[in-house]
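Open the model in a viewer and follow the stops below in order. Each one says what to select and what is found there.

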Amino acid sequence: MDKAETHMAADETRDTAQNLAAVKARIAEAAVAAGRGAGDVRLVAVSKTFGAERIVEALEAGHRLFGENRVQESEDKWPALREAWPDARVHLIGPLQTNKMKNALRVFDAIETVDRPKLARALARGFDESGRQLDCFVQVNTGEEPQKAGILPADADAFIAQCRDEFGLPVKGLMCLPPIDEEPSLHFQLLRQIAERNGLDELSMGMTADFEIAVTFGATLVRVGTAIFGTRPPFKPSPS
Ligand SMILES: *Cc1c(COP(=O)(O)O)cnc(C)c1O
């Protein structure tokens, strides 16, 4: 199935449970084909821009792990959902401004976008003050794109060490978002190499267009939105 067909299928059925099951089956198949266990890869269902009623469909289908890219939007949607599904988990997969730290600590279970010392320091302080620790992932800008967040590959080892040693952050793994017009496997490979030499187990990589390739290259978390919830409304910039 090519990318366009995948989008259409998700749009056409609008059946969240069915789409979820299909994505999970494709993940398991890709894992087994790569000599990995069918359960080695977790699916982060990216529910950004979709309302609570769509998320409820996924929760009712038994899914519990979600990704959101904005703090404010997550604060609007998730507290009520968590009341009803206390075991739901939400990862922040978009940029975090340090002035949103208190809000982020309330609404998320993991921050996948730790990418600069200022943010790492603010997280450490936030964990201290709140007594709550969130899993941390270092975002690497594998394509070295100027407009994109993430630490540069050349600076990754030093930054990971700083996050652990200076700030005491629970760094679980790495995350990347390859350039849309490039072969993703080179980026997945690079992310994996950086993780391996730093002794990190978790790799968050792969989206609707390329999650099976990411699984082949060792992803432990894939972040999939469109193939589950359908095409998102056009992006409207607003403060997160
Ligand atoms: C939106 C988003 C995704 C999901 O993208 P799809 O192509 O809809 O699967 C994954 N990761 C990040 C960081 C995102 O912002």
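Start with the largest nonpolar core, which has 64 residues; a nonpolar core is a set of buried Ala, Val, Leu, Ile, Met, Phe, Trp, Tyr and Cys residues joined through side-chain atoms within 4.5 Å. Buried means under 20% relative accessible area, exposed over 50%, and partly exposed in between (1.4 Å probe, protein chains only). Select Leu123, Leu169 and Leu174, the residues with the most contacts inside this core. Helix H6 (residues 117–130) gives the core its largest share, six residues. Helices (H or I, at least four residues) and strands (E, at least two) are DSSP runs, numbered from the N terminus.

This is a predicted model, in which local features need pLDDT of at least 70 and side-chain atom pairs count only at pLDDT 80 or more, while totals for chains, interfaces and linings use all residues. Residues are numbered from 1 along each chain as its sequence is written, and side-chain values use heavy atoms, with hydrogens and water left out.

Stay on Leu123. Leaving aside neighbours within four places in sequence, Leu123 is in contact (heavy atoms within 4.5 Å) with Leu96, Met101, Ile111, Val114, Cys136 and Leu169.

Next, select the ligand. Around it are Val46, Lys48, Ile93, Met175, Leu177, Met207, Thr208, Arg223, Val224, Gly225, Thr226 and Arg232, each with a heavy atom within 4 Å of the ligand. The shell divides into six nonpolar, three polar and three charged residues; here Ala, Val, Leu, Ile, Met, Phe, Trp, Tyr, Cys and Pro count as nonpolar, Asp, Glu, Lys and Arg as charged, and the others, Gly among them, as polar.

Now show the side chains of Lys48, Thr208 and Arg223. An N or O atom in the Lys48 side chain is 2.6 Å from a ligand oxygen, and the Thr208 side chain likewise has an N or O atom 2.6 Å from an oxygen of the ligand. A polar side-chain atom of Arg223 lies 2.9 Å from a ligand nitrogen. The ligand taken alone exposes 390 Å², of which the protein buries 90% (Shrake-Rupley method, 1.4 Å probe).

Move to Ser47, in the loop between strand E1 (42–46) and helix H3 (52–60). Is Ser47 buried or exposed? Ser47 is buried because its relative accessible area is 0%. Leaving aside neighbours within four places in sequence, its contacts include Ile55, Phe66, Trp78 and Phe229.

Finish at Gln189 in helix H8 (residues 184–197). Gln189 counts as partly exposed, at 35% relative accessibility. Gly218 is 29 residues from Gln189 in sequence and 8.4 Å from it in space, C-alpha to C-alpha.

Key. A polar contact is a pair of N or O atoms within 3.5 Å; within protein, one must be able to donate a hydrogen and the other to accept it, and residues adjacent in sequence count only if both atoms are side-chain atoms.
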